Amino acid sequence: LQQVPIVHDLRNDRWLRDSTSIIELLEQENTDAEEGGRSILPTCPTQRFLSRLLEDFADEYLWIPGLYYRWQFRLDAGNLARRFGMHDFGREMPVPFPQQIFQLTVIERQYQEYVREQGIRDTKSKRYTEHVYRLMLKFLQDHFESTGQGFMLGNRPTLFDFGLYASMFRHFSLDPTPSKIMRLTAPSVYEWCARMWNASTLTTNEPAQIYAEPGSIPYTWKPILTMVGSDYLPFLLANAKALDAGASQFSSGPYLHVTVKPFHSWCAKRIVEHWDSLPPEYQLQVQEILADVDCKWPEFLKSRELFAKTAKLWKAGESVEPPFSPPREKIPEENMIKNTMLGTPHHKQTQKFPKFNKVGPFMKFIIFLQLASLVSVLRVLFWLKSRRFHGGLEPFPESTKAFAYILLGICVAAKVQSKLM
């Protein structure tokens, strides 16, 4: 599979690969939706649109601090790197891969792609990302404490809950550093994560109890909508402008040199389409709510043509053909090593090294050790240079340094032996 999850829409003969699109499809197929049964969309059009806007913000923008906490901090990064080494990639290696070297390589690769390429490149952007997470915890903690409700809009999960759940559960509540922050500063949010995990037990078919009047929203949503207007909508607009100009990066607020993504233009286009589907009287209600929180909504709508144009660059959302990877031969050993070190972003076909196949198994292993030692030495230098972990410079593990020196010795022996081949 090229991307999961995927769902085949039999009625329209299309394959869906975006979680929000899949939710929308299941909502349409829900036979109880018209009677309010297990629907996760509010019946009020105003609340439904704002839920969709907030779901997109929670699903796409909070993903940035989620991955920042996972790969920025030593404890969190090491936790996932060990898992990758023991249970995922490490089991497929053609030769024994030193765990410490493997873990450091994975951490560096993931840090580059999911932290730096997301625009987190200096102290200001790091502090801002941490501020976004702590601020969201405060908003959600205030919501659950002041309303007494178990979910964001009533007594059952709605679309906004599921948008928040993507980052709040899988990243923030499980990774060590953000989980500790959540437990200490927002215990009600931690409790909500458990309720969402157990939401399948809510089997009642009675309509959901919404505690906000039709045409209005809970007052606890307003500071979140303010963040949407000040941070997320300008982020989407900057991404679309960069795509239209043919640039590969853009900057928005404290985020610098963010890699452009056509998918985010598709998200913006989808938001505008939901807005256009609203009857005029409900558009007026939404405008009043967004104007009250200074969301700068009219400025966003002025770029509808730009979003529609740049969204066409993202072709992975829907397709008639099944989104399966074509059959391929067994991955060469040298490619597997390279993939582990450098990754395979967007499933690009990696290059082959013809000369590598001409040497025997022992020399392949020696060359592999040479590559591993190089990565280890570079990692030591990067560690000393970056000082990115909180608490100042932490000494590089002595065992890893010793292992790097041993591998360097092996490299010298490999060089000598290569002269004799």
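Me: Which helix gives the most to the lining of the largest cavity?

Reply: This is a predicted model. In it, H2 gives the most to that lining, with 5 residues. H2 spans residues 45-60.

Me: Which helices each supply at least two residues of the lining of the largest cavity?

Reply: They are helix H1 (19-29), H2 and helix H11 (262-276). The residues that line the largest cavity are Thr20, Glu24, Phe49, Arg52, Leu53, Glu55, Asp56, Cys267, Arg270, Ile271 and His274. By class, the lining has 4 nonpolar, 2 polar and 5 charged residues.

Me: How many cavities of 30 Å³ or more does the structure hold, and what is the volume of the largest?

Reply: The structure holds 2 cavities of that kind. The largest has a volume of about 70 Å³.

Me: Which residues of H1 are buried?

Reply: Thr20, Ser21, Ile22, Glu24, Leu25 and Glu27 are buried in H1. Two of the names come up again: Thr20 and Glu24 also line the largest cavity. The buried residues of H1 pack against strand S1 (7-9), strand S2 (14-16), H2 and H11.

Me: How should I read the list of buried residues in a helix, and which residues are buried in helix H9?

Reply: The general idea comes from the helix repeat. An α-helix has 3.6 residues a turn, so residues three or four places apart point the same way. In H9, residues 187-197, the buried residues are Ser188, Val189, Trp192, Cys193 and Met196. They lie on the same side of H9, because they cover an arc of only 150° around the axis.

Me: What covers the buried residues of H9?

Reply: The cover includes helix H6 (123-147), helix H7 (159-172) and helix H8 (176-185).

Me: Is Met168 buried or exposed?

Reply: Met168 counts as buried because its relative accessibility is 0%, and the cut-off for buried is under 20%.

Me: Which residues is Met168 in contact with, leaving aside its neighbours within four places in sequence?

Reply: Met168 is in contact with Leu62, Met136, Leu137, Leu140, Ser173, Met182, Val189, Trp192 and Cys193. Three of these names, Val189, Trp192 and Cys193, are also among the buried residues of H9. As for spacing, Met168 and Trp192 are 24 residues apart in sequence and 9.5 Å apart in space, C-alpha to C-alpha.

Me: What does Trp221 touch, not counting residues up to four places away in sequence?

Reply: Trp221 touches Ser51, Leu54, His143, Met152, Leu153 and Phe160. Trp221 and Phe139 are 82 residues apart in sequence, with 8.0 Å between them in space, C-alpha to C-alpha.

Me: What share of the contacts between residues at least 6 apart in sequence join residues at least 24 apart?

Reply: In the protein as a whole, that share is 74%. Of the 421 residues, 49% count as buried. The protein has 17 helices and 5 strands.

Me: In what sense do strands S3 and S4 pair?

Reply: To read a strand pair, take the direction, the partners and the turn. S3 and S4 (residues 255-259) pair in the antiparallel sense over 3 bridges. Phe250 stands opposite Val258 in S4. The two strands form a hairpin with 2 residues between them, and Gly253 in the turn has a positive phi of about 60°.

Me: Which residues of S3 are on the covered face and which on the uncovered one?

Reply: In S3, residues 249-252, Phe250 and Ser252 make up the covered face. Gln249 and Ser251 make up the uncovered face.

Me: Which residues have a positive phi of about 55° although they are not glycine?

Reply: At 41% relative accessibility, His257 counts as partly exposed. Lys296 also has a positive phi of about 55° without being a glycine. Lys296 is found in the loop between helix H12 (280-292) and helix H13 (297-301). At 42% relative accessibility, Lys296 counts as partly exposed.

Note on methods
Residues numbered from 1 in each chain as written. Predicted model: local features only at pLDDT ≥ 70, side-chain atom pairs only at ≥ 80, totals over all residues. Heavy atoms only, no water. Buried < 20%, exposed > 50% of the residue type's maximum accessible area, 1.4 Å probe, protein only. Helix = DSSP H or I, 4+ residues; strand = E, 2+ residues; numbered from the N terminus. Pairing = 2+ DSSP bridges. Arc of directions from axis to C-beta. Contact = heavy atoms within 4.5 Å. 1 Å grid on protein atoms, 1.4 Å probe; cavity = no way out; pocket = protein on both sides within 12 Å on 5 of 7 lines; lining within 4 Å. Points joined across faces, edges and corners; volume = space filled by probe spheres on them. Nonpolar A, V, L, I, M, F, W, Y, C, P; charged D, E, K, R; others polar.
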